[in-house]
Amino acid sequence: MTDRLTVKSPWPAYEWPAGKQSATLLSVDVDACVPYMWAHRDGVPNRLGTLEIRRFGPRTGLYRLLDLFARYGVKASFYVPAHAAETNPEILPALLEGGHEIGLHGYFHEIVAEVADEEFTGALEASLDLFVAQTGRRPVGFRSPAWEMTPHMLREVARLGLSYDSSLSGFDHPYEIDGVVEIPVQWATDDAIFFKFEGGGRDKWPYQSGRAVLQDWLAEWRAVHRFGGLFTLTVHDWISGRAQRIALLEELLEAIAGQGDAWVATAADIAAHHATSANAGRFAVQGGLPDPIGPRRFGRDHG
Ligand SMILES: [Zn+2]
């Protein structure tokens, strides 16, 4: 057991269910080939390398993750671009069978900076329809591709009656932004920045040692637990389904499972806890854009 650190700040301490000091969200973004298809939306290159790297996810990686979670008896939140579900119709039923949450993640993994408001709305509505058609259930959560949001997107999440968004990082526990419950994420605990290596000179970050990343993630999880926050881990089917990364996640889950006062829950359950507990309304912020600094710059326009 680790004592919780209380920090004097304008915000109260976040309250977790009785007996719990922190929460852990295991989230999987089942991107498969869809971001590649989005990047090449006007013409797919005559090459198989990257496609096969990514096809490993829905063929093998996803099922290794499901098996791992079943062995530890934990439920996760899976965010699936609708195109991945459309082209691999076995995915959503397998997630449901495991008792996991299924959330929205764009139709074609649309990158926010590359689409207009109407396209975002169309993708969200079409994804909802496809998920309902394939599962008979309506998802309650949204996670934006590449974790970018706009004020319009928050309004649409609210308009469609979704319970939460999970794309932003303004606190390290749930909060509300423009009235939408936010289940925060963090880049430091996303597998993509460490292991997303596709070759061909396109990679933005060097490949990292799994050992070093595991030590970092364990350190972050222990520290978040001390502060009484939410530890959100984000992995991808085609990245963390590889053998050694499953072994790495197993060590992480072993540590978390041994900490009795750490609550492992889906984002839907965490959002429901937020909305029905004393936390509701205590961490409400506005996401509006600030005025540009321009006119206030020093030493200009004073001649
Ligand atoms: Zn994604």
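User: Why is leucine 248 called buried?

Analyst: Leucine 248 has a relative accessible area of 3%. Buried means under 20% relative accessible area, exposed means over 50%, and partly exposed lies in between, using a 1.4 Å probe and protein chains only. The value of 3% therefore places leucine 248 among the buried residues. This is a predicted model, in which local features need pLDDT of at least 70 and side-chain atom pairs count only at pLDDT 80 or more, while totals for chains, interfaces and linings use all residues. Residues are numbered from 1 along each chain as its sequence is written, and side-chain values use heavy atoms, with hydrogens and water left out.

User: Where does leucine 248 lie, and which residues does it touch?

Analyst: Leucine 248 belongs to helix H10, residues 243–257. Helices (H or I, at least four residues) and strands (E, at least two) are DSSP runs, numbered from the N terminus. Contact means heavy atoms within 4.5 Å. Setting aside residues up to four places away in sequence, leucine 248 touches Phe195, Gly210, Leu214 and Trp217. Tryptophan 238 is 10 residues from leucine 248 along the chain, and their C-alpha atoms are separated by 15 Å.

User: What makes the arrangement around the zinc ion irregular?

Analyst: The protein donors are two OD atoms of Asp31, NE2 of His105 and NE2 of His109, lying 2.1 to 2.5 Å from the zinc ion. Donors are N, O and S atoms within 2.8 Å of the metal (3.2 Å for Na, K and Ca); water is not among the atoms, so sites may look incomplete. The four donor atoms subtend angles of 55 to 135°. Four donors count as tetrahedral if all angles lie between 85 and 135 degrees; four count as square planar and six as octahedral if opposite donors are over 155 degrees apart and all others between 65 and 115; anything else is irregular.

User: Which parts of the chain do aspartate 31 and histidine 105 tie together?

Analyst: Aspartate 31 sits in the loop between S1 and helix H1 (34–39), and histidine 105 in the loop between strand S3 (101–104) and helix H5 (117–135), so the pair links parts that are 74 residues apart in sequence. Aspartate 31 and histidine 105 are both buried.

User: How do you know which strands S2 pairs with?

Analyst: Two strands pair if DSSP finds at least two bridges between them. S1 and S2 share three bridges in the parallel sense, and four bridges join S2 to S3, which also run parallel. Serine 77 in S2 stands opposite serine 27 and also opposite glutamate 101 in S3. Both faces of S2 (residues 77–80) are covered: Ser77 and Tyr79 are buried on one side, and Phe78 and Val80 on the other.

User: Why does glutamine 21 count as buried, and what does its side chain reach?

Analyst: Glutamine 21 has a relative accessible area of 11%, so it is classed as buried. Its place is in the segment before strand S1 (22–29). A polar contact is a pair of N or O atoms within 3.5 Å; within protein, one must be able to donate a hydrogen and the other to accept it, and residues adjacent in sequence count only if both atoms are side-chain atoms. The side chain of glutamine 21 reaches the backbone oxygen of histidine 225 at 2.8 Å.

User: Is glutamate 156 buried or exposed, and which side chain does its own side chain contact?

Analyst: Glutamate 156, in helix H6 (residues 151–159), has a relative accessible area of 8% and is therefore buried. Its side chain makes a polar contact of 2.9 Å with the side chain of arginine 159. Beyond residues up to four places away in sequence, glutamate 156 touches Phe120, Thr121 and Leu124.

User: Why is alanine 146 called partly exposed?

Analyst: Alanine 146 has a relative accessible area of 41%, so it is partly exposed. This residue lies in the loop between strand S4 (141–142) and H6. Alanine 146 has a positive phi of about 60° although it is not a glycine.

User: What makes aspartate 178 partly exposed?

Analyst: A relative accessible area of 29% makes aspartate 178 partly exposed. Aspartate 178 is found in the loop between S6 and strand S7 (180–182). Its phi is near 50°, a positive value in a residue other than glycine.
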